[in-house]
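Here are some notes to read alongside the model. Have a look at it first, then work through the points one by one.

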Amino acid sequence: MQKNQWILEEFAHAKKCGIAIDVEGVSYVNKKPEELLKVMQRGSYMLDYEGDALGQIVALHIDKVGPSEEPSYKSLRCTKK
C-alpha cells in the first residue's frame, strides 16, 4: 500500500461527493490525484473537514503542518554525561 493511499482515497471520495477541496487555500476540485501526491511530498499535511449547520461535510482542507516556532530547548531526550 502506498504511503499516502488513504489521503488519495479521501480526495477521491470528496470529489465523488461534490465536496469542495483545497490545498493550502488553492482549489483542487478539478485537479488529478497525482498533483496532490506531488504536493504531499513537500512535507507533512493535515486533512481538515468543514461541516455545515446540519453536520454535513461541505469542504476538505489540506494544509501543511509543522512547528509554529523553533523550540527553545535543544532536546527532551535524556543524554548520558
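1. Start with Leu36: setting aside neighbours within four places in sequence, Leu36 is in contact (heavy atoms within 4.5 Å) with Ile7, Leu8, Phe11, Val23, Tyr28 and Ile62. Bear in mind that this is a predicted model, where local features need pLDDT of at least 70, side-chain atom pairs count only at pLDDT 80 or more, and totals for chains, interfaces and linings use all residues. Residues are numbered from 1 along each chain as its sequence is written, and side-chain values use heavy atoms, with hydrogens and water left out.

2. Leu36 turns up again in the largest nonpolar core, where Val23, Leu36 and Ile62 have the most contacts among its 16 residues. Such a core is a set of buried Ala, Val, Leu, Ile, Met, Phe, Trp, Tyr and Cys residues joined through side-chain atoms within 4.5 Å; buried means under 20% relative accessible area, exposed over 50%, and partly exposed in between, with a 1.4 Å probe and protein chains only. Two or more core residues come from each of helix H1 (5-16), strand E1 (20-23), helix H2 (33-40), strand E3 (44-51) and E4. In soluble globular proteins, nonpolar side chains tend to be buried together.

3. Stepping back, the protein has two helices and four strands (DSSP runs numbered from the N terminus: helices are H or I with at least four residues, strands are E with at least two). Along the sequence they follow α-β-β-α-β-β. Of the 81 residues, 25% count as buried. Among contacts between residues at least 6 apart in sequence, 36% join residues at least 24 apart.

4. Now look at strand E4, which holds Leu60. Is Leu60 buried or exposed? Leu60 counts as buried because its relative accessibility is 1%. Beyond its neighbours within four places in sequence, the contacts of Leu60 include Glu10, Ile19, Leu47 and Tyr49.

5. His61 is also found in strand E4 (residues 57-65). With 18% relative accessibility, His61 counts as buried. Which side chain makes a polar contact with the side chain of His61? That of Glu50 does, at 2.7 Å; a polar contact is a pair of N or O atoms within 3.5 Å, and within protein one must be able to donate a hydrogen and the other to accept it, while residues adjacent in sequence count only if both atoms are side-chain atoms. Leaving aside neighbours within four places in sequence, His61 is in contact with Asp22, Met46, Leu47, Asp48 and Glu50.
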